[in-house]
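Visitor: I have a structure open and would like to talk it through. Can you take me around?

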Amino acid sequence: MQQQSDLIYGLNDRPLLRGTLFAALQHLLAIFVAIITPPLIISSALKFDLQTTVFLVSMSLFVSGVATFIQCHRIGPLGAGLFCIQGTSFSFITPIIGAGMLGMVNGRIDAPTALSYIFGATMVASVVEMAVSRLLPYARKIITPLVSGIVVTLIGLCLIKVGINSCGGGQAAIDDGSFGSLRYLALAVLILVTIIFFNRSQNQYLRMGSIVIGLIVGCVVAWAMGMIDFNQLHDAGTVNIPVPFKYGLHFDVGSIIALGIIYLVTAVEAFGDITANSLISG
């Protein structure tokens with residue numbers, strides 16, 4: 001008896017070109033938001049200026065593209081050879097903000113100093129995930145789908161605070177005292193309902209594009225409500241070139257340990273995500 005599945009395409013199905021282009025565009029726009037949101041949250045919490053914020057967002061996109069290329073094409077021992085988008089993780093937000101607070105100078109956070117602590121800690125702590133990636137294939141009997149599923153669930157529960165903060169208006173709304181106002185909550189509910197509505201559609205294109213449609217509706221409504229201002233972008237510059245060690249490096253043991261733990265947890269999370277997708281797709 002063949003089991004019923006909600007998947008639009010099976011593992012060996014080849015969608016038409018228009019379907020693949022539509023899915024690619026939707027995936028690109030959806031992951032775009034997920035990649036730029038963490039640096040925006042961190043910059044807002046540490047009160048970085050516009051130029052620093054724009055540079056961090058640009059570098060997040062740049063590194064995501066390079067890492068995704070390596071992951072997909074498998075260069076030597078690097079990469080899984082699977083189509084896995086490499087992006088920023090919300091799990092790192094709290095420890096990174098904590099590392100950035102070490103850049104406090106004369107009662108204010110100095111952006112270059114804060115970033116030197118952040119990059120120093122992430123560089124050293126990333127060795128944890130590199131080492132774990134070599135060991136995970138041998139730990140399948142220990143890290144079962146149940147274990148990795150629980151880890152993913154716990155990470156999701158920890159991110160509830162981030163979601164609530166965004167729905168309430170973010171750090172800017174906290175600073176000006178408008179956090180949780182009706183217009184922020186109404187916009188969040190509108191986007192959520194729009195995504196759910198189109199995700200339950202019988203039309204495969206509307207269903208595949210539910211997230212993009214939700215983003216478009218949210219942006220249009222936010223612009224109409226005066227919540228989107230493009231005027232400041234004129235001073236942000238058009239192109240940002242990667243500059244290695246632009247802010248220097250500082251190392252703090254506490255920050256390195258905290259980020260090392262997060263690297264370990266996200267390694268298990270990624271292992272669980274890939275395992276779950278493999279089981280679903282057959």
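Guide: What follows is a short chat about the chain as a whole, then some of its parts. This is a predicted model, where local features need pLDDT of at least 70, side-chain atom pairs count only at pLDDT 80 or more, and totals for chains, interfaces and linings use all residues. Residues are numbered from 1 along each chain as its sequence is written, and side-chain values use heavy atoms, with hydrogens and water left out.

Visitor: How many helices and strands does the protein chain have?
Guide: The protein chain has eleven helices and two strands. These are DSSP runs numbered from the N terminus, with helices being H or I of at least four residues and strands being E of at least two.

Visitor: And what pattern do they follow along the sequence?
Guide: The pattern reads α-α-α-β-β-α-α-α-α-α-α-α-α.

Visitor: How much of the chain is buried?
Guide: Of the 282 residues in the protein chain, 28% are buried. Buried means under 20% relative accessible area, exposed over 50%, and partly exposed in between, using a 1.4 Å probe and protein chains only.

Visitor: Helix 1 next. What is its span?
Guide: Helix 1 covers residues 17-46, which is 30 residues, and reaches 44 Å from its first C-alpha to its last. That is close to the 44 Å expected at 1.5 Å a residue, the expected span being 1.5 Å times one less than the number of residues.

Visitor: Where is the kink in helix 1?
Guide: At T37, shortly before the proline P38, with a kink of about 25°. The bend at a residue is the angle between axes fitted to the seven residues ending there and the seven starting there.

Visitor: Which residues of helix 1 are buried?
Guide: Among them are I35, I36, T37, P38 and P39. What covers the buried residues of helix 1 includes helix 2 (50-73) and helix 4 (111-135).

Visitor: How do helix 1 and helix 3 pack?
Guide: They pack at an angle of about 35°, with their axes 10 Å apart. The contact is made by P38, I41, I42, A45 and L46 of helix 1 and I93, I96, I97 and G100 of helix 3. Contact means heavy atoms within 4.5 Å. Axes are lines fitted to C-alpha atoms, for helices over the stretch in contact, and angles run from 0 to 180 degrees between N-to-C directions.

Visitor: Switching topic, is T52 buried or exposed?
Guide: T52 is buried, because its relative accessible area is 8%. T52 lies in helix 2.

Visitor: What does T52 touch?
Guide: Not counting residues up to four places away in sequence, T52 touches A111, L115 and Y247.
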